[in-house]
Amino acid sequence: MMDSDNLKKYKIISVVIFAVMIVALAWQSDDAYHAYVMARHLVEGNGFVYNIGERASASSCPLFTLVIACGYFIFRNMFLISLIICVIFSTGAYIITVRNFCTNKVQTGVLFITLAGSTCFISYTTSGLENCMLFFLAAMFLGRYFSKDRYDAKELFVFALLISLTAMTRMDAVLMLVPAVVYLYLFRRNGVSFIKSVLIAVAGLMPFILWELFSTFYYGFPFPNTAYVKLGTTIPETEYLIRGVQYFLTSLCFDPVLIFIPVTAAVFAVITRKARYIVCMGGVLLYALYITYIGGDFMVGRHYTVLFFISVIVILKIVNDEETADALKKRFFYRYAAVLAAGLLLSFVGRPVSDQFLFGQGNSPIADERGGYFKYTSLYNNAVSGIKDGRMVIRDAWNESGIDELREGGYKAGILVMVPGISIYYNSDIYLNDLYALGDPFLSKLPAVREENWRIGHMWREAPVGYLETVLYGEDVIENESLREYYEVIRLITRGSLWDKQRIRAVIDLNLGKYDHLLEEYRDTLDENNHQITDEYFVSR
C-alpha cells in the first residue's frame, strides 16, 4: 500500500513538472492565427469564416478551432485562452499515459525524459496548432485499445467516436489509428455481429459525417481550403516525394529522439509477433509514408510528434505485457533506454548540423518554427512585455506596411503578396488574403507557381489579370473569360444566400467536376512553371 501511494505521488509530481515545463516554454505559431480569426468571427456572430462576408475555411482542424471558439466565448483573450486549452489537452494526454502505462517509478521517469527529450514534441504541446488535441485523442484511444483483448458494442462505438473526433481535428490524422480500429472491428468483437458492428461504426462516425455535410453545404467544399492550397498545385508528385524525404532527414538531424523512438517501437512490435502491437505501429508507418508522399511540412518535426507519442505508449505497453517473459521485457526496456540515450546524445551533434547545413543556409523550405517565433509569441516574453510596457510583443512579429497602405487608401479589401496569420487576426475588420491563398476560395483552386525551392504549404499563386482590382473594387474585371466564369461560380457559392437554389446547384456541380474545364482552359495559358504567358501583367513576389 505504501509503495502504491509513493508511486501515485511520484506520478503526480511528474505531471506537475510536465505542466510547468510546457507552460514555461509555451508559444504561438503564426499559422494558428488563421484558425483563431475564424473562432473569433464565429463568437462575434460573423459566421465560421476567414473573412467576414465570404464563407471560406482556412482551418485544417475544425474541431480544435471550435474548442478554441468555446474558450474565447468564455474568456475574451485569444492569446491566453488558446494556450490554456493547449496546456490542458497536452497535460491530459500525459496524465492518461502515466496513469495507464507506467507501473513503477523508473518507467514514469523514463516517460518524462523521453517526452521532454524531444524538442519537437515539447514545441507542439502548445503552439496553438491541433497537435495537442491529437495527443489527447491518441492517449484516449490507446488507453482503451490496450485495456482489454475483446470489445463489446459500447466500446466499439467509443472507438468509432474517437476516430470521428480525430478526423474532425485533422482529417488525415485518422490514418494513424485506422489499422488498429479495423483490426479490433474485424477480429476483436465480443458478441457483436459484423452487421451490427458496421451500424455501430456508422453511428460513431456520425459527427464527422455531419460535419462533412455541413462543410459542403456551408463552404461549398468537403475539405478545408488549406487542403486545396497544399495539394492542388499541379507540381509533379516526384517533387513532393523529394520534399517528403528532405522533411524526414531534416527532422532526424534536428530531433533524433523524435525518429528513433518510432523505429524502436516498430522493431519491438515485430519481435513480439503480436497483432495488437503490429497493427498499431502499422498506423504509425502508414502516416509516416503519407507525410512523405504529401511533401512533409515546413515546420520541422511537427507531423511526426503524434507518431512519436503513440510509439512511446506502445513501448511502455510492450515492456509491461503480462504475456511476455520477464527476461524479454527487461531486454526491451534496456534497449529502449539505450536508444533514448543515443538519441539524446546525438541531439547535441545533430542540432548544429541541422542549424548550419539545413536552416543556416537561408534557403531551406523547412524551418524551426518555434525558434523563429519564440521571441515574439512566447507566453513568457508577452507576459514580461505586458507587465513592463503594457503591450504584447506578438504585434512586432510582422511588418504590416502593406495593410497600412490599404487603410490609408481607404480600401476595405486587398490581396497582398503575404499576410501572416497574426496580421490577419489583428486586422480582421478588412478583407485580407494573399498569394498563398490559405483563405482564398478562388485563388486556391489555381495552379501554384513552380519554383526551384518551393515550400510545402507556401506555394504561391499568380493572381490572374484583373483579380486584384476585382477584390479591391468589388466588380469582376478578370480578363481571362474562363476564370471570370469560374470566379462567378465561387462568388455565388461563398457569398450568395445559403439556401439559394442556384447556389446549391452550383455546389453540387462544382464538386462533380462540371467546372473543371474552366481551370483546364486557364492552365493552357500558363507556361511550364505556371506563370501567365503575357508581357503586360505579372505579380512580382
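The model is predicted, so local features need pLDDT of at least 70 and side-chain atom pairs count only at pLDDT 80 or more, whereas totals for chains, interfaces and linings use all residues. Residues are numbered from 1 along each chain as its sequence is written, and side-chain values use heavy atoms, with hydrogens and water left out.

**Nonpolar cores**

A nonpolar core is a set of buried Ala, Val, Leu, Ile, Met, Phe, Trp, Tyr and Cys residues joined through side-chain atoms within 4.5 Å. Buried means under 20% relative accessible area, exposed over 50%, and partly exposed in between (1.4 Å probe, protein chains only). The largest core holds 139 residues, of which Phe-141, Tyr-145 and Ile-310 touch the most other members. Helix α4 (residues 78–101) supplies the largest share of this core, 13 residues; helices (H or I, at least four residues) and strands (E, at least two) are DSSP runs numbered from the N terminus. Apart from neighbours within four places in sequence, Phe-141 is in contact with Phe-159, Leu-162, Ile-163, Leu-177, Ala-180 and Val-181, contact being heavy atoms within 4.5 Å. A second, separate core of 33 residues includes Leu-438, Ile-478, Val-507 and Tyr-522.

**Helix α25**

Tyr-522 is also one of the buried residues of helix α25 (residues 516–523), together with Leu-518 and Leu-519. These residues are on the same side of α25 because they cover an arc of only 95° around the axis, the arc being that of the directions from the helix axis to the C-beta atoms. Helix α23 (481–495) is among the elements that cover them.

**Salt bridges**

A salt bridge is a side-chain nitrogen of Lys or Arg within 4 Å of a carboxyl oxygen of Asp or Glu. By this rule there are 16 salt bridges, including those tabulated here.

| Salt bridge | Closest N and O atoms |
|---|---|
| Arg-302 and Glu-130 | 2.8 Å |
| Asp-149 and Arg-188 | 3.4 Å |

Arg-302, in the loop between α15 (275–293) and α16 (305–319), and Glu-130, in the loop between α6 (119–123) and α7 (131–145), are 172 residues apart. Both Arg-302 and Glu-130 are buried. Asp-149 lies in the loop between α7 and α8 (153–169) and Arg-188 in the loop between α9 (178–187) and α10 (194–204), so this pair ties together parts 39 residues apart in sequence. Asp-149 is partly exposed, with a relative accessible area of 40%. Through shared partners, salt bridges join Glu-130, Arg-170, Asp-172, Asp-297 and Arg-302 into one network.
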